[in-house]
Amino acid sequence: MKNLLVTGGAGFIGSNFVRYMLDRYGDVRITNLDALTYAGNLENLAGLEADERYRFVKGDVAEPDDVAAVLADGGFDAVVHFAAESHVDRSLHHGAGTFIRTNIQGTQVLLDGCRTCGVARYLQVSTDEVYGSLGAEGRFTEGSPIAPNNPYAASKAGADFMVRAAWKSHGLNAVITRCSNNFGPYQFPEKLIPLMIANALEDKPLPVYGDGKHVRDWIYVIDHCSAVDTVLRKAEPGSVYNIGGDHDVPNIEIVRLILKILGKPESLIRFVDDRPGHDRRYAMDSSKIQDDLGWSPAHTFEQAMRETVDWYLAHRDWWERIRSGAYRDYYDGMYAARLKQAGA
Ligand code: NAD
Ligand code: DAU
């Protein structure tokens, strides 16, 4: 696996993965195909421009010509597909069209391209959200029913089915990873943890959806990257692997922890109108990847959270630049009325 095409490498997890692989393997070469949507940011890859093992190509995974062009001159050993529309709230409030196009059609275009060009390995980066919501007990296994509850999750589930079909029907050597909620450096500040850190640092209200008791299973992004690398190298064609941080907690606990680390008051918390169809609980059973492939997370949640908060403190210019641009309109549209109703 020396010559990789990584899609979505200018986003949160993709950029961490590019850095992780270049740090870990001296002889790896990476081409990063990214459309640079609102979530794609070449600043996330700053410092790599001079690395001759790394190359950036601007292109859209749902455009067959863009994909054919990059695959034709690449000679890739594998494709690792991160590129996606990734934010649930946008899929609910801004329409699902771009989610269907990028997440389903984009996956299909890449799968077709891999077959045409004889790429030897394809890895689909999927999510625990395809399983829907858990009740009070239990954890998602790879055998849990696929039951997505929001347009983002449905588009990711559709993509997973296209990958399965490419393996079954056409014999493509494809594997799927399904990971829980990531946190760490370079996460776009629309997502819970960076949003709460940035708002707290600016003494702005922290909008917690519903009663704040929705549970997510948090994993440090570098542990997700090491799991993707492990599956890429070791998994059988057609296999699916769950990846989780084994740290499932209610959102309100995460928000309180951030306030505590920053020394900010809990009076900043505002309980606002809930997200429609809000999944109540996610928790992953990662025993298959641990038992079959020998992967386990290398970071504890508490240490990784402190390092993450430190990173956002040290990179204030990075998130302030994002929050001062077009994102501000998104934020006002998403939260202004809800915060007013909550008395903020
Ligand atoms: P992100 O939104 O931070 O980044 C997405 C990247 O994809 C951006 O660089 C964007 O420019 C690029 N992109 C979007 N549409 C594109 C297109 N049509 N063509 C080419 N590039 C395009 O997302 P993320 O949080 O880093 O998530 C990466 C992947 O991991 C996604 O597939 C997501 O579903 C999956 N995932 C995310 C999490 C999480 O907690 N963030 C957990 C599990 C799985
Ligand atoms: O579970 C994996 C998924 O995690 C990934 O597939 C998605 O790409 C990623 O965005 C993430 O989805 P979530 O919807 O779980 O993440 P988000 O950070 O948007 O929200 C986390 C939880 O926090 C969720 O229960 C909603 C809640 N929340 C979120 C925001 C943005 C709030 O209470 N207030 C907020 O302002």
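Helices α6 and α11 are roughly perpendicular to each other, since an angle of 65 to 115 degrees counts as such and their axes cross at roughly 95 degrees. The axes come within 12 Å. The model is predicted.

Two packed helices are described by the angle between their axes and the distance between the axes. Here the contact can also be given by residue. On the α6 side it involves L195, A198, N199 and L201; on the α11 side, which belongs to a helix of residues 316-323, it involves R316, W319 and R323. By class, this contact has 4 nonpolar, 1 polar and 2 charged residues.

The other topic is ligand 2. Its surroundings consist of 25 residues, and the closest are D128, Y152, R275, H278 and Y335. By class, the shell holds 10 nonpolar, 8 polar and 7 charged residues.

| Residue | Protein atom | Distance to an oxygen atom of ligand 2 |
|---|---|---|
| S86 | backbone N or O | 2.8 Å |
| Y209 | backbone N or O | 2.8 Å |
| R216 | polar side-chain atom | 3.0 Å |

On its own, ligand 2 has 690 Å² of accessible area, and the protein covers 95% of this. The elements that give two or more residues to the shell are α3 (88-93), α6 (192-201) and β8 (206-209).

How values were computed. Residues numbered from 1 in each chain as written. Chains lettered and ligands numbered in written order. Predicted model: local features only at pLDDT ≥ 70, side-chain atom pairs only at ≥ 80, totals over all residues. Heavy atoms only, no water. Near = heavy atom within 4 Å. Polar contact = N/O pair within 3.5 Å; in protein donor to acceptor, adjacent residues only side chain to side chain. Areas by Shrake-Rupley, 256 points an atom, 1.4 Å probe, with all protein chains shown as cover. Helix = DSSP H or I, 4+ residues; strand = E, 2+ residues; numbered from the N terminus. Nonpolar A, V, L, I, M, F, W, Y, C, P; charged D, E, K, R; others polar. Axes fitted to C-alpha atoms, helices over the stretch in contact; angles between N-to-C directions. Parallel < 35°, antiparallel > 145°, perpendicular 65-115°, else oblique. Contact = heavy atoms within 4.5 Å.
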